[in-house]
Amino acid sequence: MEKRNLGELEVSALGLGCMGMSEFYGKIDEKEAANTLHTAIDNGINFLDTANVYGNGHNEEFIGKVLKDRRNEFMIATKFGFVRDPEKGVGISAKPDDVRSEVEKSLRRLRMNTIDLYYLHRVDPTIPIEETVGVMSDLVREGKVRYLGLSEVSASTLKRAIKVHPISALQTEYSLWSRDLESIIPVARVLGVGIVPYSPLGRGFLSGKVKSIDDLAPDDYRRHLPRFQGENFKRNVDLVNKLEEIAKEKGVKASQLALAWLLQQGDDIIPIPGTKHVNYLLENIEALNITLSGDELLQIDKVSSQILGNRYGELSMKYTNM
Ligand SMILES: NC(=O)c1ccc[n+]([C@@H]2O[C@H](COP(=O)([O-])OP(=O)(O)OC[C@H]3O[C@@H](n4cnc5c(N)ncnc54)[C@H](OP(=O)(O)O)[C@@H]3O)[C@@H](O)[C@H]2O)c1
């Protein structure tokens, strides 16, 4: 598979998002999820994305268990920053002591000695970014982590962070229906920071497989997102229908169109579509062979500009591009 660079870290042009193997997007079949991990590596994907918070440690544990005999065949990216408290709910902490204890827990769960790429998941507004990146850079010196990344940070935060330690990757939501990152990409490029679009399939919506809210289980996380609600959802379904028409004309799937579009935005862009199904994974890999013409890009742009609703609810939006 084609390789791309996140700073000095070389990875496959497409990664695999593992979050849904633990929670958020419906029923999980662990055997199928394990097969998906193995199939990804067998097909040249060597960049796996997880976080301490996914399934409250389950996701890291699962990857560590399933791939314990294949450690030298892939790069692991994980994150810290979200904290789940049974009483207070979800919070954010980048307190130095928390960073130090979380990296140890992640290494233990992953059954690894080193994390290839360690991200701050969300900026902790109570701690200057210089302090957080300072602690992260200690972890590099100690050999616990190889490269550093930041998730959902603004251009100015990125510039401040990079004065403390090189930042290899910026991971932010980026897809046909989430394009606010485009104002930060030019700055990231100048700084030599690679781009990792998360939710590149619009959390599955851009595949055209979610056209009725009843397609989602009652506890599916997406039901909480404004784009999956009420009138926004109805209008967005009309738009995904148009994407499907463009895809059909080209003889590909809407999901592949969405990934090909991202891959074509620059060779410093490494999307991490999430799936726990082998057939979806194989379809997603095929997107690497699709090239979109100028006319197709224009048609896609038109659809993309009409999406309705914020990508998160009000509170979570405050912690994006921070
Ligand atoms: N930094 C952050 O704050 C942040 C936030 C969210 C996610 N992430 C990371 O980014 C990764 C990817 O994002 P995501 O999982 O949220 O969203 P996504 O990649 O946009 O979409 C995932 C959804 O799409 C479905 N899907 C995948 N391939 C498909 C295909 N070919 N056809 C039809 N449906 C398909 C999956 O189904 P199945 O699950 O049924 O296979 C899943 O429901 C995550 O796994 C996680 O590692 C990071």
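In the unreviewed UniProt entry, the feature "domain: NADP-dependent oxidoreductase" is placed at residues 14-303; such annotations may be inferred rather than shown by experiment. The model is predicted, with local features requiring pLDDT of at least 70 and side-chain atom pairs pLDDT 80 or more, whereas totals for chains, interfaces and linings use all residues. Residues are numbered from 1 along each chain, and side-chain values use heavy atoms, without hydrogens and water. Residues 14-303 are 40% helix and 14% strand, and the end C-alpha atoms of this span lie 24 Å apart. Helices (H or I, at least four residues) and strands (E, at least two) are DSSP runs numbered from the N terminus.

Around the ligand are 32 residues, of which Tyr 25, Asp 49, Leu 201, Thr 275 and Lys 276 come nearest; a residue is counted if one of its heavy atoms lies within 4 Å.

Elsewhere, Pro 96, Val 99, Arg 100 and Val 103 of helix α3 meet Glu 131, Val 135, Asp 138 and Leu 139 of helix α4, with contact meaning heavy atoms within 4.5 Å.
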